[in-house]
Protein chains: 2
Amino acid sequence: MPENNAPEPLTLTPVGVVRSEIKAPMLTATDQGLSLSDRLDKIRAAHRRHRQAVAELVIDPALDGVLDGVEGFSHILVLYWPHLVPSERRGLRRVHPMGRQDLPEQGIFATCSPARPNPVLLTAVRLVEREGNVLRVRGLDAVDGSPIVDIKPYVHYALKIEGTTVPEWMERIHRDMAEAGPEGHG
Amino acid sequence: MPENNAPEPLTLTPVGVVRSEIKAPMLTATDQGLSLSDRLDKIRAAHRRHRQAVAELVIDPALDGVLDGVEGFSHILVLYWPHLVPSERRGLRRVHPMGRQDLPEQGIFATCSPARPNPVLLTAVRLVEREGNVLRVRGLDAVDGSPIVDIKPYVHYALKIEGTTVPEWMERIHRDMAEAGPEGHG
């Protein structure tokens with residue numbers, strides 16, 4: 001922090017856990033940067049499968065009432081912690097996006113890298129169903145066992161922005177992930 | 001956590017600080033719930049002003065390189081910590097949205113309440129300019145001095161979802177906030 005050399009840490013307590021068929025991350029982080037865990041065509045196929053799969057968000061039953069009314073939204077945002085990224089990887093500053101050496105290196109804040117100073121990841125998902133303290137969602141890319149940090153409603157007034165643009169390298173990632181079908185980058 | 005009675009806390013270290021003309025939150029939290037800090041018409045006017053104002057995200061200069069390439073995006077997501085919400089308010093489970101007694105009580109995870117179990121707030125903003133370790137953005141609703149948790153690119157492939165729906169009470173909040181003009185709920 002510019003005005004404080006030893007900022008006080010902020011603490012999060014998991015509010016639940018992800019149950020998913022995804023057992024390993026698509027990207028792994030070393031101190032050299034990111035790398036894909038498999039060949040691009042296999043990653044792409046797995047990614048497409050995962051986009052269609054239903055995952056469960058099991059919320060701590062002690063947080064009684066906290067989900068009430070969430071079933072009124074078609075979509076939600078899931079904030080979660082990528083628990084399989086080693087904490088020493090939080091120091092990465094620049095990476096080749098998706099571990100692709102053919103794409104120019106970018107600062108972590110320009111990427112969706114799971115290894116980042118504060119690894120709180122975010123995915124917008126379809127809310128399929130609520131059953132008590134369990135939400136079933138479609139489109140979650142979190143690995144099984146990920147601690148859930150927060151659930152927020154997807155409010156299009158705030159989140160659906162017209163006319164946004166991304167750099168060429170991000171469009172290329174999307175194109176390459178989407179090649180096998182209409183559903184692409186998550 | 002369902003399988004662990006004493007989950008390990010996850011720690012965040014601020015990566016920067018918000019500089020904004022917003023000096024006080026629109027909503028305050030007590031153990032009775034949320035309340036608006038002023039009359040609705042004044043809140044609405046302030047909200048419209050704030051949507052147009054430029055705020056600064058001052059990133060810790062020690063994180064050299066972490067912003068490289070972010071200027072290639074038209075919009076970014078800012079994750080920040082609402083530092084003026086007392087930590088004991090993290091236990092709130094259900095609230096009247098926006099502190100409005102005329103709206104039915106909802107679970108915190110169905111609302112955008114700043115008081116929540118893990119108070120990491122999220123706003124999508126227009127990236128106006130980068131100057132070294134400072135990002136100038138339009139549309140940020142964070143209070144001056146808020147610790148910044150993360151910056152992510154706004155990637156429309158993942159965030160701009162068609163056909164999403166919200167419950168009637170959320171539409172009503174938007175309508176009431178938008179009444180004075182075309183720019184509404186943040």
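**Contacts across the interface**

Mentor: Across the interface of chain B and chain A, 32 residue pairs are in polar contact, both residues at pLDDT 80 or more; a polar contact is a pair of N or O atoms within 3.5 Å, where within protein one must be able to donate a hydrogen and the other to accept it, and residues adjacent in sequence count only if both atoms are side-chain atoms. This is a predicted model, in which local features need pLDDT of at least 70, side-chain atom pairs count only at pLDDT 80 or more, and totals for chains, interfaces and linings use all residues. Side-chain values use heavy atoms, without hydrogens and water, residues are numbered from 1 along each chain as its sequence is written, and chains are lettered from A in the order in which they are written.

Trainee: Which strand of chain B gives the most to the side that touches chain A?
Mentor: Strand β11 (residues 147-153) does, with six residues; strands are DSSP runs of E, at least two residues, numbered from the N terminus.

Trainee: And how many salt bridges are there between chain B and chain A?
Mentor: There are six, each a side-chain nitrogen of Lys or Arg within 4 Å of a carboxyl oxygen of Asp or Glu. One of them joins A:Arg94 to B:Asp68, with the closest N and O atoms 2.3 Å apart.

Trainee: New topic: what rotation superposes chain B on chain A?
Mentor: A rotation of 180 degrees, with 0.0 Å of shift along its axis, gives an RMSD of 0.0 Å, by least squares on the C-alpha atoms of residues with pLDDT of at least 70 in both. The two copies are therefore related as by a two-fold rotation axis.

How values were computed: Helix = DSSP H or I, 4+ residues; strand = E, 2+ residues; numbered from the N terminus.
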